[in-house]
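Q: Can we go through this one together? I'd like to start with how helices cross.

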Amino acid sequence: MTIEVRGLRKRYGSKVAVDDLSFTVEPGMVTGFVGPNGAGKSTTMRIVLGLDAADAGTALVGGRPYRTLARPLRTVGALLDASAVHPGRSARNHLLWLAQSNAIPRRRVDEVLDLAGLTTVAKRTVGGFSLGMRQRLGIAAALLGDPAVIIFDEPLNGLDIEGIQWIRGLLRSLADDGRAVLISSHLMSELEDSADHLLVIGRGRLLADTTVRELVTTASGDRVAVRTGMRTEAMTALADTGALATITDGETVTVAGLSIERVVELLTRRGVTFTGVSAHRASLEEAYMELTRDAVEFGTAGRGGRAAR
Amino acid sequence: MSAVHAIHAEWTKLRTVASTPWLLFAAVAVTVGISAMVTAGASSRTCPTPSICLDDLPRLGLTGAQYGQIFVVVLAVLVMSEEYTTRSITMSLAAVPRRWRLYLSKAAILTGVVVVVGSLGVLGALLAVRRLLPGTALSAANSDQSLSLADGPTLRAGYGTVLYLALVALLSYGVAAILRDTAGSIATMLLLLYVAPILTSIITDPAWLKRIEQFSPMLAGLKIQATTALDTLVIGPWQGLGVLALWAAGALLAGLLSLQLRDV
Amino acid sequence: MTATAHRAADTLPDVDRPSFARLMLSEWTKLRTVRRWTVALLAAPVLIILVGVLTASSSQPGALDSPLVGPDGTWVQDRFHFVHRPLTGDGTVTTRIASTTLEFSVPPEDGGDARARDVERTVWSKAGLMIKDGLRPGARYAAVMVTPGRGVRLQSNFTTDIAGPAAGAPTWLRLTRAGSTISAFQSADGLSWDPVGTVTVPGLPQTVEVGPFVTSPTATLLAQRQFGSIRLGQYPTTTRAVFERPTLEPAGAPGTGSGEPSDGWQDDEVDDSAVQAGTPPAPDRAGGKGPQAAPPPAVWAGDRLTLVGVGDIAPRTPGEDVIKQNLTGGYAGLMAIVAVAVLFVTAEYRRGMLRTTFAASPGRRRVLAAKALVVGAVAFVIGFTASVAVLLITQPIMRDNGFLPPVYPDWSLTDPTVSRAIVGTAAVLAAIAVFSLALGTVLRRAAGTVAAVIVLIVLPQLLASGLPPVAGQWLMRLTPAAGFTIQQTIPRYDHVPRICVPENGCVYDQPWAGFAVICAYALVTMAVALWAVQRRDA
């Protein structure tokens with residue numbers, strides 16, 4: 001079962017939240033949905049779940065709009081806002097009404113409570129839960145119907161190290177079961193180790209639909225850094241081939257689109273001396289920043305800086 | 001099939017919030033208590049002709065519903081508005097994405113609960129008043145009226161009051177679905193219900209008095225409690241309840257449209 | 001650790017604390033920037049004005065039985081039995097009142113003896129001496145009289161009342177005229193006289209009528225409540241007074257010259273029902289009967305004069321307080337204000353925003369005080385503006401509907417009673433707003449607080465009409481709605497008994513007393529809130 005989004009558009013007043021967005025979330029893998037705050041991740045997820053209506057385009061789950069599903073929790077398990085729970089109800093009762101609404105057997109409530117490690121606090125009211133406990137409760141609710149499609153919005157928010165590791169393991173096993181798993185984050189580092197596939201979104205537009213490996217490769221290209229005292233000569237030698245060379249700091253020239261062997265050969269031929277040559281490999285984080293540089297919604301004053309949280 | 005599940009889930013939601021039993025208890029207690037208090041306080045001692053003064057014993061015995069309804073209003077508003085204030089509406093709609101189904105399930109459970117609680121309140125009030133009557137000055141004068149449910153008009157006043165409370169609940173529920181806010185909805189409802197009786201206690205122009213009594217959801221709806229001198233009412237018992245039903249239907253429909261058409 | 005932190009906070013220089021004005025500015029920004037709240041706050045004056053206009057355009061004055069006015073234009077009644085002779089210039093009239101007897105009947109179903117004692121206690125029957133500008137009802141006068149249970153009084157021109165010695169019949173009374181100044185005296189033995197008081201009756205002509213008079217009004221009492229309506233018991237009374245040796249000095253022109261003590265005294269009934277000519281005889285709003293039959297003529301037995309009187313000499317006030325009525329919208333407007341005031345604080349609890357607020361300004365009590373001041377000021381401005389607007393709009397409507405002088409005197413916004421009603425309405429709304437905010441702080445739940453405040457304010461009004469009058473009155477007196485008594489504008493006279501029906505807004509005699517009640521609610525709740533906000537976790 002897949003999530004298919006085609007030509008999705010949504011605006012709130014004059015602000016465009018999602019702009020012609022298309023992607024597919026495939027079963028059997030974890031798809032990361034990443035972009036800065038306000039990029040349109042949550043809006044897209046809300047449209048997929050039928051909470052908000054799209055102005056144009058379709059969002060289908062297993063080929064059908066969410067709002068036509070008779071027992072949606074058995075198809076899609078979603079965690080959108082962990083704190084969107086009535087504070088006066090106990091964790092168990094919260095899961096109970098969800099189960100009843102979709103004809104899910106009662107014993108399943110205890111199973112997911114156990115799965116999420118909430119058995120001991122099942123009878124406490126949610127109002128007293130910490131953010132991490134609420135996150136676990138939300139995940140328990142999502143897993144209640146044993147769904148083929150999983151949608152988690154920022155599931156790692158507010159979790160401690162142990163919680164993060166638990167979720168990573170959980171995501172992996174859910175994908176390995178053949179489910180389609182979509183998780184969002186505004187931090188690439190959160191997804192680096194868990195996502196198989198990446199959807200990068202900025203200002204409502206899809207910036208990349210790719211694997212983690214590809215993203216890193218395209219972003220870093222074949223960048224080579226040369227440490228040299230003869231920067232001008234090095235620049236000339238490298239630029240003659242049509243490659244893009246830039247001075248990155250006092251003694252370093254970086255060039256993209258050339259292999260390290262070719263760089264050494266070119267420099268040697270022109271008699272440019274250098275103290276070191278290294279192939280520069282970008283991290284996923286850098287690749288992501290490069291992609292979203294212009295798409296940061298609430299950027300800090302210097303545009304090249306990091307994305308604001 | 002799914003409707004049953006949705007209703008079951010709504011029942012669980014309603015009963016697992018701490019405020020529900022308190023509100024229901026208060027609705028019954030206030031209905032019974034104020035009915036008893038008002039009956040005990042009325043006196044026929046100085047009334048020259050009892051048959052004129054004491055025209056409607058069943059209505060007097062059900063006065064408490066005018067005050068018990070406050071708790072029904074609060075309960076009905078909370079059922080919908082808390083979904084928005086706690087944002088749990090996202091979970092509810094994720095579980096039951098057909099919004100009209102969610103909306104009607106909630107309404108059904110609410111109506112059921114209010115009917116049960118309203119019946120308890122009405123029966124309690126009539127029983128309490130019957131026990132109290134021999135001790136009050138009213139007793140001598142009420143020989144021509146009975147508080148027995150075997151009496152046709154009294155029975156109608158009784159279940160009519162239950163229907164009245166159910167319709168008030170649905171009206172409040174619809175208003176909450178439109179406004180999506182607890183305090184605003186409660187204030188709006190209490191304004192809608194109680195401004196009319198305050199106005200009628202001041203206004204003297206008969207044409208306006210009639211108009212207000214005919215169109216106020218509370219004053220028109222409560223005509224269902226009248227058992228005697230029906231020809232002197234500005235609007236008949238069932239027509240009056242019909243006015244309230246129209247109010248409730250309008251609010252329910254507007255609430256449904258608001259839920260269907262607006263993003264949550 | 002905590003202690004250290006605490007001390008550190010205490011020693012922070014004061015400049016780091018935001019000024020209170022700045023705190024209020026920040027709260028004001030919070031209040032006005034939530035669109036829903038702005039809408040609700042704008043709805044409040046609209047509701048106040050709409051309800052006021054509706055009330056005004058759908059009200060009609062009660063049927064008018066007599067438009068008689070006194071010398072200063074006050075609506076009055078003026079009916080009594082008068083045995084008189086003319087006095088030209090200055091002079092003194094003296095008599096002894098041997099006895100007064102109040103006669104009336106109470107139907108047994110009204111409560112017999114107990115009710116009869118109520119009637120005796122309530123009724124202002126009057127027997128004494130009068131100096132009057134002719135026999136026309138409503139004309140200028142001054143009179144000294146005995147009133148059972150209330151001692152000797154000197155009254156003039158309907159609205160003036162001076163209490164004298166606490167004597168009753170038998171007693172000697174004397175009235176002396178010197179120009180427009182009239183002095184009254186009382187004596188137990190006719191030899192040593194105690195002054196009762198002195199009044200000035202401007203415009204009194206050279207020749208006036210003087211002599212003994214008797215009048216005896218209809219007592220109106222609250223009967224038991226039945227079915228949401230209050231029955232008023234009306235008991236017409238007559239008073240029989242025996243006067244001895246009424247004498248006028250100088251005696252003036254003799255009558256027939258017979259030498260009898262009755263010589264020169266004329267017997268007349270001054271009767272304001274004659275003024276009704278042209279107006280249909282309608283029953284009083286309180287459900288009274290038509291005018292009483294004329295009493296029998298005066299009887300002389302030697303120098304003893306027996307005089308029977310019915311009627312009353314007193315100012316009248318209308319049943320409806322026009323100003324208060326047109327400000328009824330306050331009840332509707334307050335619901336919007338209550339909702340916003342409650343949300344103004346509970347929204348912060350619910351969203352956890354209070355943590356932000358308290359982090360931004362750690363002086364929690366100052367924050368709460370700033371909130372209360374802002375919300376109170378906003379409510380005051382709304383109430384003031386809407387009250388002025390509604391009164392200006394409804395004044396011409398009420399005139400068109402027949403609310404005219406003398407029963408409904410003309411008024412302007414600057415009349416002390418009208419200004420008090422306007423400022424009072426605004427102040428009551430402000431106090432209710434503060435009360436709501438404080439209760440919201442204590443309860444921290446919007447639903448419960450809004451319901452509680454509205455129930456406390458609106459329901460006593462309705463419930464009072466279902467309870468026995470005394471219970472209803474106390475319910476109204478002790479709940480916050482008592483504050484609206486400050487809207488009362490009808491003049492109250494201590495020498496005119498009035499019946500107080502709680503659901504008609506008659507809660508306290510003193511307008512400020514009711515206002516004190518709502519202020520007490522606001523202050524006590526605010527104190528609890530200030531204590532709670534400091535003590536509890538945010």
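A: First the term: a crossing is left-handed if the near helix is turned anticlockwise from the far one by less than a right angle, and right-handed if clockwise. Helices (H or I, at least four residues) and strands (E, at least two) are DSSP runs, numbered from the N terminus. This is a predicted model, in which local features need pLDDT of at least 70, side-chain atom pairs count only at pLDDT 80 or more, and totals for chains, interfaces and linings use all residues. Residues are numbered from 1 along each chain as its sequence is written, while chains are lettered from A and ligands numbered from 1 in the order in which they are written.

Q: OK, is the crossing of H6(C) and H9(C) left-handed or right-handed?
A: The crossing of H6(C) and H9(C) is right-handed.

Q: And at what angle do their axes cross?
A: The axes of H6(C), residues 330–350, and H9(C) cross at roughly 35° and come within 8 Å (lines fitted to C-alpha atoms over the stretch in contact, angles from 0 to 180 degrees between N-to-C directions).

Q: Which residues of H6(C) meet H9(C)?
A: Among them are C:Gly333, C:Ile337, C:Val338 and C:Ala341. On the H9(C) side, the residues include C:Val428, C:Ile432 and C:Gly440. Contact means that the C-beta atoms, placed from the backbone, lie within 7 Å. By class, this contact has 12 nonpolar, seven polar and no charged residues. Nonpolar means Ala, Val, Leu, Ile, Met, Phe, Trp, Tyr, Cys and Pro; Asp, Glu, Lys and Arg are charged, and the others, Gly among them, are polar.

Q: Which residues touch the most other members of the largest nonpolar core?
A: C:Ile337, C:Val338 and C:Val450 do, in a core of 303 residues. Such a core is a set of buried Ala, Val, Leu, Ile, Met, Phe, Trp, Tyr and Cys residues joined through C-beta atoms within 7 Å. Helix H8 of chain B, residues 152–179, gives the most to this core, with 17 residues.

Q: What does C:Val450 touch?
A: Leaving out residues up to four places away in sequence, C:Val450 touches B:Ala183, B:Ile186 and B:Ala187, along with C:Val338, C:Ala339 and C:Val342.

Q: New topic: how many residues of chain B are in contact with chain A?
A: 24 residues of chain B are in contact with 31 residues of chain A. H1(B) brings the largest share of chain B's side, seven residues. That side divides into 11 nonpolar, eight polar and five charged residues.

Q: Where are the cis peptide bonds?
A: One joins C:Ala169 and C:Pro170, with omega about 0°. C:Pro170 lies in the loop between strands S7 (160–163) and S8 (171–178) of chain C. Another joins C:Pro405 and C:Pro406, with omega about 5°. C:Pro406 sits in the loop between H8 (364–400) and H9 (416–443) of chain C.

Q: Which loop holds A:Ala103?
A: A:Ala103 is in the loop between H2 (91–101) and H3 (107–115) of chain A. Its phi is positive, about 55°, although it is not a glycine. C:Asn157, also not a glycine, has a positive phi of about 45°.

Q: Is C:Asn157 buried or exposed?
A: C:Asn157 is buried, because 22 other C-beta atoms lie within 10 Å. A:Ala103 has 18 C-beta neighbours inside 10 Å, so it counts as partly exposed. The cut-offs within 10 Å are 20 or more other C-beta atoms for buried, 12 or fewer for exposed, and partly exposed in between, with C-beta atoms placed from the backbone.

How values were computed. Two residues are in contact if their C-beta atoms, placed from the backbone, lie within 7 Å.
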